[in-house]
Structures are given as C-alpha cells and as structure tokens.
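Thanks for coming, everyone. Let's get the structure up on the screen and walk through it.

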Amino acid sequence: MIGELLQTIRNRKELLLTVVFMFFISVLVSFSWWDDLQAIALSAFLVVSSYFLISGKIQVNSLSLMDLSWLGFIVLGAMSIFWSTDLSLVWFQLASWSMLIIWSIYIKRLSIPTSFEKIFHLTLAAIFIIVTAENLFGMLTGISYSGEQWQKIYRNNSNYSACYLVSLLPFIWYWDSKQVVYKFINGLFAGSALLLLFRFHASGAIVAFLIIAGIMISNYLRNQDWFKWIYLLPILLVLGGGFLYQYESMFAVGDFTWARQTSRIFFIESSWLSFLKEPLVGWGLGHWHIGVYEYDYSPSYKVAYGYKQFYSHNLYSRLLVELGIIGFLLFFIPFIYTLVQSKFRLLNPFEKACYLNIIVYLVTITFNAIPTFHTYHFSAMELFTFFSVGYLNRNLVSNGIGNISPWFKYLFAILAILGTLWFGYHAKQHNTYYQSLKAEKAGDVDKAIAIMEDVYSPTFKTTHDFTTGLNNKLATFYLKKGDKKKAEENFKKSIELNPSNPMNLFAYANFLKSEQNLEEAKKFALSAHEKHTVNLRFINLLAEIAIEQKDLSLAKEYMEKIRLIAKNHATDGMDRRYINKLEKKLNSSNTQ
C-alpha cells in the first residue's frame, strides 16, 4: 500500500502539488496580506497546473454540462463590462469566479487512484482539526469572537469560522478508521466544533449542520448503522431544539432572531426589485450594491448617526441582480446537476463528505456573505466546495463536445496567467492605497494626492472595497490643497460611478453649500436623504441649508424630524449636538 502510494507520488507530481497547495491555502493566519497572497497562490497554482494539461499528463477530451455552464458564466460576466456603471467593479469578481471555476474543472480532470484519494481525505480531515484547534484556542484564551479582535487575528469573523468548520466536518466524520485513537480524536474535535457553533451564534452554520446531520442519520438508518445513528441523534436534537428556542434560551442563536434578520430580508426584497429592472443579464458583475442601494433601507437599520453599505448576505439574490436569470442559472446548474446525479447512498466515504460539503455551501450562502470569495476576502471554504463539485463530477456520465482539447488547454493557461496578473496588480494597489492615507494623515497632502492618483484607474480601480470611492478621497485631498475645481470634478465623478451611495451625494452637497450654491446643495442633500431617511447628518445638512435660505419654518421641521428619529434609533448623542447647534443658528438668524 505505502509502496504503491510512493510510486503514484513519483509518477503523478500534479497530485502531490494539489495536496500541498490545498493544505497551504487553508490555514487561518494573522497576516495583513494573507487574503491577497491566497488569491495569487490559487491563480499561480493554476498556471503551473496548465503545464500538466498542455503536456498531456491530464487529459481533456470533451466539455461536460458543468464545464459549458460555468464557462458560459465567465463569458457573460466578461460581457457585463458593456452594460455596467463602473467598469472597475467587474474585474475582481470576474477573476475570482474564473479561478474557482477552472480550479474545479482541473480537479474534475485529475485521474486519482484509490490510494491517493485517501491522501485527499486525510488532508481535509487534518485541515478540519487544525482550524478547529485554532478557533478553540481563540475561544479558550478569551478572544472576543464578536469583535474586531477575532477578525484581526484570524483574518475573518466568527461567522466564517463557523461556516468553515461545518463545511469540513463531514471529512472527519466519514474518515473510515478502526483505530481507537483516531475515533477519540474524531469525537473530541467534532464535539469542539459543535461547541464553537454555539459560542459563535452563527445561524447559517447551524442550519447547515442540522441539514447534513439529518442526511447522515437518514443514510445510517438505511444502512442499519445503529451505532452512528444513536451517536448523531442527541447532537441533532440538542442543536435543533436550541435553534428553535432562539435567543431567549441558553442556546443563544442571536443573529437568527427576527429583529436581526430584518436588514437581510430587506436586501432580499430590494434585490428582487433590482432584478426585475434588469431580469435577463443583470446590472453587471460586482454591481449588486448599485442596484440594491437605490432603495432606502432605513426601516431595517436602527442606527441614525452613520451610514454603511453592507455586502450581500445572500449569493442567490446577489447573482440575480448582477447577471440576471441567465447568469444565475449558468452558475447554479453545475451544483444542482452534481447533487441530483450523484446518488448519495452509492458514494464512497470521501465522496459523501464532498457531497455534504456542497450542501453546507449552498445553505450558508443563503445567510452569510463570508463563505464567498469577494474583494479583500479569500474563502478557502469556497475553494473546497468547488473542489468537491469537480471531484464528484469525475464519475458522472455527461455528453460533451468532443475534440476540444487543443484550444481548451491554452484557454485554461491564458485564464490562469491573467488571473495571476490581476491579483498581483490588485495586491499592489491595495497596499499603495494605504500609503496614500498615511501620507495624508502625516500632513503631506501633495504626496497623498500623487499616490492616490497613481492608484486610481477609471478602467481597473475606482473604489477601495466597494464602498469607498477613490474619487471621494481625491476630492477631499484636493479640498485640503485648495484646488476646488479638481475637488468638484472628483465629487461629480463619484456620483456618476455610484449614484446609489447617499454618502457621495452628501459629500457633494456639503461642498456646494460651502460654495454658497444653496439650491444645488439642497437638491443633492434631498437625494441623499431620500436614499436613507433616518441619517441625522443628511437631515442636519438640510436644516442648515434651510436656515441659510431664511426658510426657518422648514428648518424647524427638520429639527423636529431629528427628535422623532432619536426616539427609535441609536444616535450616539448626535441628535443633541445637532439640535443645540441648529438652535443657536436659528437664534442668530432671528436676531439679524
């Protein structure tokens, strides 16, 4: 057995390379560049893998339904540059999905002997143990899993940790070993992972666990494996009972209470409205927030002293908005096809673990943004899901298009090279952006402007993340320098690129007010207020404009609105500060 395995490794270096890559990319570490490095590592790995395709070590003789559907998704995503509002938002999403898709296609083409399948299984089980130990250490040492401290150390929040653990759990549960030591380790770390689920209050991860536990129990009953059924049932009852009892009980699942879900429900509703505007091919990759934030989400947001745009917490609604019904179907057909065609009870243990891994992903992307690969966040969990899809498709019969290997091999290589170049560029600009902020903080505005202008590209980079427009930053810098013309140009450009962000409208309205262009300032301030009606900063600006226009009755109406909002929203004392300042301005205006 060992001799056969060593011979396989000697002759099949691509298999060893794949295992080493999966292990390397999976670990949670406190390193500021880690997400960028993981993305570069994935695309660089695929460049190396393309050598095995071109050299004939990995055969590609036809394209299956899975391949055609996902390649169609890539093509549609690339074409969305022609109808997107902000071209630069498309590239990161396009590169991310492309790398994951060709990774899955690569795994599907690997010829893996039974002896090496156990190495893959052991690798994923070991990753589960390491990730559980990392998170358990954090919990036992008192690191706050609900704050920034956890994210700073593990590069992700506790929701991701919980989802990641549940997605890997099947690989340790389905590891077939008769050794007592292993069974003890299995039980110890599986129990620890479930304890972490309770502590993290991660609703999506718990729902996913309940579903896969139910599938496993059903399978054990069918196979009359009574010991494993009795082992899982109490866990299912305890977790399920605690989940249903919700946050009032000792089994606190805080983020699944109705009050905490209203914002996510709003985003699904507004996603649907945005989808209906562009139902076929959507708004463009990366443009979910531009479509959704056209709608005021104040009723579901109990904070009045600030404004924040969130990631989509539901990948289904996000893809409907970004690429319409066509892109939605092209993306999810391979997942559904894989689950429907794979007969769970006939799969071997590793394949069953892959099957359940896919289900965990499809459940958690309903509740959380964090399982998916988005700007400045690399998801190893998602990487392993695309591995599972590719792995299960290896044995599925699918009629494909023959004689495509000559061009497909080179397409694979070209996509991988472009992905490497893009993520390298993205990492460089990510770091350079912060250099500009440091220069501005140090008081060197000219240097800050020069660096930010170098970062800015109308084609490839107009935003940091998706909420911070570089044009807004440049406008602020130019104002500090005293160049009002350049500042106004950048304010206008930020609104052109993202008309759905009220902060862009508010910033420009403030600028116009300072220039005494009160009518225009009022127009943009009203637009900002309409998009987020509880924001006290927007209402205060409208009141100040009304006072300067001598419309004192309107100013008083806005002041009363601030008082009303303060009764039902968190204000951080902003309401009192604004009211006091406005009253002084009103008194001053009355005496003049």
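Start at helix 16. Its residues, 14 of 14, are buried. Buried means under 20% relative accessible area; over 50% is exposed, and in between is partly exposed, with a 1.4 Å probe and protein chains only. Helices here are DSSP runs of H or I with at least four residues, strands are E runs of at least two, and both are numbered from the N terminus. Helix 16 covers residues 380–393, and at 1.5 Å a residue its 14 residues should span 20 Å; the end C-alpha atoms are 20 Å apart, so the two agree. That expected span is 1.5 Å times one less than the number of residues.

A word on the source. This is a predicted model, where local features need pLDDT of at least 70 and side-chain atom pairs count only at pLDDT 80 or more, while totals for chains, interfaces and linings use all residues. Residues are numbered from 1 along each chain as its sequence is written, and side-chain values use heavy atoms, with hydrogens and water left out.

Now the overall picture. The protein chain has 25 helices and four strands. Of its 592 residues, 57% count as buried. Contact means heavy atoms within 4.5 Å. Among contacts between residues at least 6 apart in sequence, 75% join residues at least 24 apart.

On to the cores. A nonpolar core is a set of buried Ala, Val, Leu, Ile, Met, Phe, Trp, Tyr and Cys residues joined through side-chain atoms within 4.5 Å. The largest has 114 residues, and those touching the most other members are Leu42, Trp103, Phe331, Phe335, Phe386 and Phe387. Which helix gives the most to this core? Helix 5, residues 88–109, with 13 residues. Helix 5 is mostly covered too, with 21 of its 22 residues buried. Those 22 residues should span 32 Å at 1.5 Å a residue, and the end C-alpha atoms of helix 5 are 33 Å apart, which agrees.

Look at Phe386. Leaving out residues up to four places away in sequence, Phe386 touches Trp70, Trp97, Leu100, Ile101, Trp103, Ser104, Phe331, Phe335 and Tyr361. Apart from this core lies another, of 52 residues, including Val445, Phe491, Ala555 and Leu586.

Next, Ile539. This residue sits in helix 23. Its relative accessible area is 0%, so Ile539 is buried. Beyond its neighbours within four places in sequence, Ile539 contacts His529, Thr533, Tyr558, Lys561, Ile562 and Ile565. Glu557 is 18 residues from Ile539 along the chain, and their C-alpha atoms are 10.0 Å apart.

Two loops deserve a look. Lys550 lies between helix 23 (536–548) and helix 24 (552–568). Its phi is near 65°, a positive value in a residue other than glycine. Is Lys550 buried or exposed? Exposed, because its relative accessibility is 53%. Gln516 is in the loop between helix 21 (502–514) and helix 22 (518–531). Phi of Gln516 is also positive, near 65°.

Last, cavities. On a 1 Å grid over the protein atoms alone, a cavity is a set of points where a 1.4 Å probe fits but cannot get out, and lining residues have an atom within 4 Å of a point. Volume is the space filled by probe spheres set on the points, which are joined across faces, edges and corners. There are four cavities of 30 Å³ or more.

Definitions and conventions:
On a 1 Å grid over the protein atoms alone, a cavity is a set of points where a 1.4 Å probe fits but cannot get out, and a pocket is an open set with protein on both sides within 12 Å along at least five of seven lines; lining residues have an atom within 4 Å of a point.
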